[in-house]
Amino acid sequence: MVVASSNPHNKEMQIRRRISNIFNKREEDFPSLREYNDYLEEVEDMIFKLIEGIDVQAIEEKITNYQQENAEQIMINQARKAEDLAAAMAASKGIPVQADTDGPELTSRVCSWYPRSICTDSCWRTATTNRHGTTTGTTCWWAGHAWLCS
């Protein structure tokens with residue numbers, strides 16, 4: 001995916017946002033700080049090459065392969081990030097954080113918000129209705145984040 005933008009800053013921010021959503025491992029995911037730093041350096045190299053238009057085809061293939069091989073870990077890390085953000089928002093408002101056990105029924109659904117993703121054991125569904133009372137879809141709640149399910 002090549003990002004075309006007349007503003008170089010916007011182009012860089014779009015690329016960084018996209019890559020950080022895919023390559024989203026944390027320091028605790030690595031056995032040593034050295035391995036984590038190597039991972040961060042590799043990610044920064046890819047970002048630089050995409051921004052500068054260097055080996056874009058090879059980088060895009062690498063990103064696609066990584067996404068396919070690490071889809072489950074990417075989703076887990078996205079959920080952790082959403083949980084962290086929800087907890088931080090709640091803490092900033094002085095709201096105690098609630099456990100995920102007191103919500104609607106748990107389910108497993110394929111969601112349309114992220115390609116090939118699957119809501120797993122902590123996904124809660126609620127029906128969405130319009131003002132006429134007609135069911136228009138299902139909202140899937142996972143890790144404090146909501147999206148429409150297919």
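Among contacts in the protein chain (contact meaning heavy atoms within 4.5 Å) between residues at least 6 apart in sequence, 43% join residues at least 24 apart. The model is predicted, so local features need pLDDT of at least 70 and side-chain atom pairs count only at pLDDT 80 or more, while totals for chains, interfaces and linings use all residues. Residues are numbered from 1 along each chain as its sequence is written, and side-chain values use heavy atoms, with hydrogens and water left out.

**Exercise 1. The chain as a whole**

State how many helices and strands the protein chain has, in what order they run, and what share of its residues is buried.

Solution. Step 1: helices (H or I, at least four residues) and strands (E, at least two) are DSSP runs, numbered from the N terminus. The protein chain has four helices and four strands. Step 2: from the N terminus on, the order of elements is α-α-α-α-β-β-β-β. Step 3: buried means under 20% relative accessible area, exposed means over 50%, and partly exposed lies in between (1.4 Å probe, protein chains only). Of the 150 residues of the protein chain, 27% are buried.

**Exercise 2. Salt bridges**

Solution. Step 1: a salt bridge is a side-chain nitrogen of Lys or Arg within 4 Å of a carboxyl oxygen of Asp or Glu. Side chains of opposite charge can pair when their charged atoms come close. The whole structure contains eight salt bridges.

Step 1: Arg26 is partly exposed at 22%, whereas Glu28 is exposed at 54%.

Step 2: Arg34 is exposed at 62% relative accessible area, and Asp38 is partly exposed at 34%.

**Exercise 3. The two sides of helix H3**

Check the length of H3, then work out which of its residues are buried and what they pack against.

Solution. Step 1: the expected span of a helix is 1.5 Å times one less than its number of residues. Helix H3 (residues 56-69) has 14 residues and should span 20 Å; its end C-alpha atoms are 20 Å apart, which agrees.

Step 1: the buried residues of H3 are Ile59, Glu60, Ile63 and Tyr66. They cover an arc (taken from the directions from the helix axis to the C-beta atoms) of only 125° around the axis, so they sit on the same side of H3.

Step 2: the face turned away from the buried side of H3 carries the exposed residues Gln57, Gln68 and Glu69.

Step 3: the buried residues of H3 pack against H1, H2 and helix H4 (71-92).

**Exercise 4. Asn77**

Is Asn77 buried or exposed, and which side chains does the side chain of Asn77 touch through polar contacts?

Solution. Step 1: Asn77 lies in helix H4 and is buried, with a relative accessible area of 2%.

Step 1: leaving aside neighbours within four places in sequence, Asn77 is in contact with Asn24, Lys25 and Asp29.

**Exercise 5. Aromatic rings**

Classify the pairs that Phe30 forms with Tyr36 and with Tyr39.

Solution. Step 1: rings of Phe, Tyr and Trp (its six-membered ring) pair if their centres lie within 6.5 Å; planes under 30 degrees apart count as stacked, over 60 as edge-to-face and the rest as tilted. By this rule there are three aromatic pairs.

Step 1: the rings of Phe30 and Tyr36 have centres 5.5 Å apart and planes at 50°, so this pair is tilted. Phe30 and Tyr39 form a tilted pair, 5.1 Å centre to centre with 45° between the planes.

Step 2: Phe30 is buried at 16% relative accessible area, Tyr36 is buried at 16%, and Tyr39 is buried as well. Phe30, Tyr36 and Tyr39 form one aromatic cluster.
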